[in-house]
Amino acid sequence: MKARYEKLKNRFSELFGGAPEAFIQSPGRVDLLGIHTDYNDGFVLPIAVDLNVAACGRKTDGNKIRIHSVNKNETAEFCADDIRKDEVCFWSNYCRGVVKYLAEAGAVFGGADIVLQSTVPIGSGLSSSAALENATGVMLQTLYGVEMSGKDMALVGQKAENRFVGVSTGIMDQFVSRNGKKDHALFLDCRTLEHKQLPLDCSRYKIVVCNTMKERGLVDSEYGARRAQCEEAVAVLQAHYPRVKALRDADMEMIEKHKGELTEKQYMRARHVISENERGLKAIEVLRAGDYEAFGRLMDRSHDSARDDYEVSGPELEAMVGISRRAPGALSGRLAGAGFAGCTVSLVEAASADAFSEYVKREYAAVCGVVPELWVCSAENGAGRLSEEELN
Ligand code: ADP
Ligand code: MG
């Protein structure tokens with residue numbers, strides 16, 4: 001058995017005695033396109049990555065659930081039929097919320113002992129939270145043979161995070177963490193949840209995430225302001241085009257025609273969302289054709305539009321994007337997630353990944369005075385049971 005799973009199994013028997021019945025994995029994610037399109041009912045294009053939660057577990061009699069996080073070195077314990085928020089062991093609320101909404105969705109399960117360990121950096125924007133939610137859900141699903149689609153499992157995770165933990169997020173994180181596919185990027189329509197798997201050959205190209213090491217302080221207030229501007233733009237357009245329910249339904253012609261009725265900011269925000277959705281659709285063609293150069297250009301334009309029209313970049317992100325675009329083997333550089341600070345993401349020729357990483361670390365440290373963290377990632381499968389082959 002691989003060292004990581006052996007360790008997990010040993011921790012399990014130390015804590016709970018005996019051996020686990022099943023092993024699962026649940027990945028973090030990064031977005032390649034779709035900056036601030038989710039709440040505009042638009043398109044996003046993330047991948048599930050090879051940074052993940054690994055967990056092992058066993059059914060138990062009764063309905064007590066015990067979950068140990070190796071990262072936190074803490075065990076949470078609660079009854080599946082009496083879920084309450086825990087203010088002390090805060091991380092367990094992600095798991096508690098999933099158990100609550102799984103049961104509400106009709107899943108039948110009992111008690112479980114679970115040990116989990118995550119390689120997703122916590123709080124860096126790679127969605128360690130969605131990885132934790134899906135790990136909880138998929139473990140119970142595996143142990144009890146619960147029938148639930150990947151889409152419904154993602155919705156359970158999102159509900160847990162929004163309603164139980166109290167963090168407002170779109171559906172992208174949970175959806176791709178559950179439904180991602182190895183060597184594919186996932187095109188997701190945030191309105192209908194229809195999705196397509198698009199080929200992304202990670203033996204030839206890596207996805208490199210670069211952490212600016214600058215915390216995303218502005219996100220909450222600025223995020224709210226952007227959402228409001230989008231809604232205002234929709235209200236203006238809806239007066240002329242009743243079918244425009246979200247910026248997803250608008251096009252360039254509409255905003256040009258009614259430019260005079262929109263404030264400058266509303267116009268800019270709408271233009272970003274419309275052009276970003278166009279890039280999302282274009283990516284379907286480009287990736288199906290295996291045109292990685294063109295895909296890299298779409299990622300670059302995504303960033304430029306987020307910086308100029310949506311105004312969600314920041315000095316550290318600009319430094320990192322500039323450096324990463326110049327680095328060896330780079331096909332693109334753009335901000336990841338909601339922007340302001342946090343991480344960037346680049347498409348990089350696999351053979352140049354090491355040279356890329358060295359260059360970015362050196363140059364960014366010289367400009368910003370801090371050595372950035374980098375993760376060289378591949379597109380991986382979404383959360384699921386690990387096979388004998390994968391374990392050994
Ligand atoms: P991220 O961008 O990583 O998703 P969030 O703030 O959304 O950042 O989620 C991070 C939170 O998720 C942590 O503070 C913790 O409560 C929980 N979490 C994530 N991974 C783990 C883990 N392996 N063990 C315990 N808690 C975790
Ligand atoms: Mg999160």
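A salt bridge here is a side-chain nitrogen of Lys or Arg within 4 Å of a carboxyl oxygen of Asp or Glu. This is a predicted model, so local features need pLDDT of at least 70 and side-chain atom pairs count only at pLDDT 80 or more, while totals for chains, interfaces and linings use all residues. Residues are numbered from 1 along each chain as its sequence is written, chains are lettered from A and ligands numbered from 1 in the order written, and side-chain values use heavy atoms, with hydrogens and water left out.

**Stop 1: the salt bridges**

Select R362 and E363 to start. They form a salt bridge, with the closest N and O atoms 3.7 Å apart. E363 is partly exposed, at a relative accessible area of 26%. (Buried means under 20% relative accessible area, exposed over 50%, and partly exposed in between, using a 1.4 Å probe and protein chains only.)

How many salt bridges does the structure hold? There are 27. For another one, pick R301 and D304, whose closest N and O atoms are 3.1 Å apart. Both lie in helix α9, 3 residues apart, about one turn of the helix. (Helices are DSSP runs of H or I with at least four residues, strands are runs of E with at least two, and both are numbered from the N terminus.) D304 counts as buried at 14% relative accessibility, while R301 is partly exposed at 42%.

Then jump to helix α8 (residues 264-288) and pick E276 and R279. Their side chains meet in a salt bridge at 2.9 Å, N to O. The two are 3 residues apart in α8, so about one helical turn separates them. Are they buried or exposed? Both E276 and R279 are buried.

**Stop 2: helix α10**

Select 315-326, which is helix α10. At 1.5 Å a residue its 12 residues should span 16 Å, and the end C-alpha atoms are 17 Å apart, which agrees. (The expected span is 1.5 Å times one less than the number of residues.) Colour E316, L317, A319, M320, V321, I323 and S324, which are buried. What covers them? The cover includes β8 (205-211), α9 (292-308), β9 (334-335), β10 (343-349) and α11 (353-368), where contact means heavy atoms within 4.5 Å.

**Stop 3: helix α2**

Since 10 of its 13 residues are buried, α2 is largely enclosed by the rest of the structure. The buried set is S92, N93, Y94, C95, R96, G97, V98, V99, Y101 and L102. Show β3 (64-69), β4 (74-79), α3 (128-144) and α4 (150-165) to see what those residues pack against. Just after α2, click on G106, which takes a positive phi of about 100°.

**Stop 4**

S127 sits in the loop between β5 (111-118) and α3. Its phi is near 65°, a positive value in a residue other than glycine, and S127 is buried at 7% relative accessible area.

H36 is in the loop between β1 and β2. Its phi is positive too, about 60°, although H36 is not a glycine. H36 is buried, with a relative accessible area of 5%.

**Stop 5: strand β1 and its partners**

Select 22-33. All 12 of the 12 residues of strand β1 are buried, so β1 is largely enclosed by the rest of the structure. Which way does it pair with strand β2 (residues 43-60), and over how many bridges? The pairing is antiparallel, over 10 bridges; two strands count as paired if DSSP finds at least two bridges between them. F23 stands opposite C56 in β2. β1 also pairs with strand β12 (residues 384-385), antiparallel over 2 bridges, and there I24 has R385 as its bridge partner.

**Stop 6: a pocket**

Finish with the second largest pocket, about 360 Å³ in volume. Its lining has 21 residues, with Q25, N52, E380, L386 and E390 nearest the centre. (On a 1 Å grid over the protein atoms alone, a pocket is an open set of points where a 1.4 Å probe fits, with protein on both sides within 12 Å along at least five of seven lines; lining residues have an atom within 4 Å of a point. Points are joined across faces, edges and corners, and the volume is the space filled by probe spheres set on them.) α1 (3-16), β1, β2, α5 (172-179) and β12 each supply at least two lining residues, and the largest share, 3 residues, comes from β2.
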